[in-house]
Each structure stands twice: as structure tokens, then as C-alpha cells.
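Morning, everyone. I'll take a few minutes on one model. Have a look at it first.

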Amino acid sequence: PADLVLSGMWLGYRDLHPKYVPLPDLVSLSWDNALPNNHPPYRQWLVLRLVQPINTALILFCVASVFALMLDRRGLIVAAVSSLTAGYLLYLLGRISSVLVESAGINPALSGAVLPALLTILLMLISGTLTTKDHAEV
């Protein structure tokens with residue numbers, strides 16, 4: 001049909017997985033209306049790219065908090081093993097979140113916000129536990 005419009009940028013990236021598309025082009029592709037019906041999940045990968053640094057920082061703070069909590073209560077060896085275990089489990093949760101963002105039928109921004117929200121709550125709980133013990137000792 002003569003009225004068929006396809007994105008020139010999409011034609012350039014049609015054989016490339018969205019995780020390899022440069023970020024500025026990924027932003028453009030995720031809001032492009034001239035894409036075919038079976039286009040790759042550009043919006044989902046944009047959300048993943050924007051959320052991954054936040055998740056990494058939150059995981060780092062959670063692992064450090066678990067280490068501080070366990071060091072204070074159980075000693076160095078238990079703290080090291082506990083923080084490594086927590087780091088691995090949080091990394092696994094991050095990978096599961098990535099699969100959820102890419103394959104779930106819900107809004108990518110909503111599914112991408114689940115893990116940062118959970119990590120923030122966990123960090124607040126651990127920090128609350130640490131500060132409650134500090135106030136009890138005074």
C-alpha cells in the first residue's frame with residue numbers, strides 16, 4: 001500500500017537485538033509510531049537500561065547494610081558469607097526482574113519499578129534495624 005510508513009531507523013536496526021542498539025536510538029525507537037506490529041520490545045529495553053544502574057547501586061547498599069548488620073551481631077566470617085549470599089540473591093532477583101520487564105504484558109515502567117522499590121524497602125528495614133540497635137545501646 002502507498003500509505004505504508006516504516007521508520008528508517010527501524011530498518012537500520014531490524015536485525016539487531018534491542019540490547020545492542022545505542023541508547024539515543026533506543027529512545028527514538030521506543031517512541032516511534034512508524035514501526036511494524038511485530039517490532040522488538042524497544043520500550044522494555046529502554047526501561048531496563050535506565051533501571052539497571054539504580055538497581056546496581058541499591059544492591060550495593062543492601063549488601064553493605066547486611067554486612068554491617070551481621071558484622072555487628074555475628075562476626076567477620078558470618079558477615080562476609082551473609083553479604084555474599086545476599087548479593088547473589090539480589091543479583092538473581094535483578095535478573096528475574098529483567099525477564100519480567102522484557103516478557104510481561106504489563107507496563108514496562110511499572111514492572112521495571114518493582115525491584116528498585118523492593119530494594120529500597122529492604123534497605124530501609126535493614127537501616128532501621130541498625131539504628132534501633134544503636135539507640136538501644138545509648
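Start with a term: buried means under 20% relative accessible area, exposed means over 50%, and partly exposed is in between, with a 1.4 Å probe and protein chains only. This is a predicted model, so local features need pLDDT of at least 70 and side-chain atom pairs count only at pLDDT 80 or more, while totals for chains, interfaces and linings use all residues. Residues are numbered from 1 along each chain as its sequence is written, and side-chain values use heavy atoms, with hydrogens and water left out.

Leucine 26, then. Its relative accessible area is 0%, so leucine 26 is buried. It sits in helix α2, residues 23–30. Helices here are DSSP runs of H or I, at least four residues, and strands are runs of E, at least two, numbered from the N terminus. What is leucine 26 in contact with, leaving aside neighbours within four places in sequence? Pro18, Val21, Tyr42, Trp45, Leu46 and Arg49. Contact means heavy atoms within 4.5 Å. Tyrosine 13 is 13 residues from leucine 26 along the chain, and their C-alpha atoms are separated by 9.9 Å.

Next, α3. The expected span of a helix is 1.5 Å times one less than its number of residues. For the 32 residues of α3 that gives 46 Å, and the end C-alpha atoms are 46 Å apart, so the two agree. Still, α3 bends by about 35 degrees at valine 51, and proline 53 follows within four residues. That bend is the angle between axes fitted to the seven residues ending there and the seven starting there. Just after α3, glycine 75 has a positive phi of about 115 degrees.

Asparagine 55 also lies in α3. With a relative accessible area of 10%, asparagine 55 is buried. Beyond its neighbours within four places, asparagine 55 contacts Leu115, Pro116 and Leu119.

Now α4, residues 76–103. It has 28 residues and reaches 40 Å from first C-alpha to last, close to the 40 Å expected. Its buried residues include Ala79, Ala86, Leu90, Gly94 and Val101.

Last, the largest pocket. A pocket is an open set of points on a 1 Å grid over the protein atoms alone, with protein on both sides within 12 Å along at least five of seven lines; lining residues have an atom within 4 Å of a point. Of the 16 lining residues, Gln52, Asn55, Thr56, Ile59 and Gly94 are closest to the centre of the largest pocket. α3 gives the most to that lining, with eight residues.

Methods
On a 1 Å grid over the protein atoms alone, a cavity is a set of points where a 1.4 Å probe fits but cannot get out, and a pocket is an open set with protein on both sides within 12 Å along at least five of seven lines; lining residues have an atom within 4 Å of a point.
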